[in-house]
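Here is a short briefing to read alongside the model.

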Amino acid sequence: MSGVISAYGQQTASLFLDRAVTTLASRQQALQTQASTGVRSDSYAGLDTGRMQALSLQPALTQIRSWSGNVTTAQNRLSVTQNALTQIGTLGDQLTTSLAGLSGHPDKATVDAAALQARQALQSLGGLLNAQSGDTYVFAGQGGNTAPVTTTDLSESDLAHRIAVAVRQDDSGDAAGILSSTLTMAGATAAGSPFSAGLSVSPQQAAGQAYKTAVGRGEVVTAGMTATQGQVASDTSTGSPMRDLMRNLMVVASLNDASVGTSAYQGLIQGLTSSNQTVTSGLSDMAGQLGVAQDTLTFQSSSLDQMTTALNAQLGDSKDADLAAVSTQLTQTQNQLEASYSIIANMKGMTLASYL
């Protein structure tokens, strides 16, 4: 009888102790996980009272990360665009210097050198207009997957050949007529334009296609420009600094020593010089616009970083474990487990007399 009672007592006590040990072991494991990861739980269910705050903060952080990604992408695009635009501005300045050397009655060597330099500049211009940030053409605007110009060697484009014919075969001696006809050829919707179909529109329409991106709630910034954007066209300009620069370079590339002897030559050089002054001024304004956009994005990036820091701090209050308290609780739990194991070990030798 005593053996039965002893067995029954041990089994019942052992059952309770086993359950207690299992509970303590689970608690120990949870506390060890908190101590190693620094968070209360890897699921929202384990956050108790902090669950609702964590759930409300997470979407906000996701949205801010999206905006920050947009800002980074836009900054990269602007950096490439600004660099290319700076080099294009240099081509414009070089053309101004070249035109100054073509004034008066230059010799054949001077004309040939200027024409060669213009052709080389057209080749460089084509490559710069097709500049890319990653896989995106920065001067293509919203249609970033399509190259702005169909050929990077603009000196061999259909437009260059047609302008060359107009310059070399004009016998009227009318400089204004040559300037006007070549300007029309370089116009936004002219046949044989070296620009993509999407950019062969008016300068104002092209400006409307500039790349834009969301950088905050209700905040959208223009982060770039298109190759053919500009102002309203006039009798002396296509309205687009890029188009005008291209036209001017193509005219100079078409000059030869025979051109110098025509009555239209001086008027042609004067007209190109005046046009190129407008070009360089327009390119400078475009660079300024890019600078403003870059400053705006830098400020926005800083604001988003501050918002991220603040929200992460709030999220930390909900999710982060109190490591000091966890350490204390872990020590207590380990002590309780050791005591439980000791009791279980001692119970193996207990008899009915141990209960009396």
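H5 passes H7 in a right-handed crossing, meaning that the near helix is turned clockwise from the far one by less than a right angle. This is a predicted model, in which local features need pLDDT of at least 70 and side-chain atom pairs 80 or more, while totals for chains, interfaces and linings use all residues. Residues are numbered from 1 along each chain as its sequence is written, and side-chain values use heavy atoms, without hydrogens and water.

**How the helices pack**
- Helix H5 covers residues 175-185 and helix H7 residues 241-253, with their axes 10 Å apart at an angle of about 125°.
- Axes are lines fitted to C-alpha atoms over the stretch in contact, and angles run from 0 to 180 degrees between N-to-C directions.
- H5 brings Leu 179, Thr 182 and Leu 183 to the contact, and H7 brings Asp 244, Arg 247 and Val 251; contact means heavy atoms within 4.5 Å.

**The largest pocket**
- Its volume is about 500 Å³, counted as the space filled by probe spheres set on the grid points.
- A pocket is an open set of points on a 1 Å grid where a 1.4 Å probe fits, with protein on both sides within 12 Å along at least five of seven lines; lining residues have an atom within 4 Å of a point.
- Of the 26 lining residues, Ser 237, Gly 239, Ser 240, Asp 244 and Thr 278 lie nearest the centre of the largest pocket.
- Helix H9 (265-319) joins H5 and H7 in giving two or more residues to this lining, and H9 supplies the largest share, nine residues.

Methods. Helices (H or I, at least four residues) and strands (E, at least two) are DSSP runs, numbered from the N terminus.
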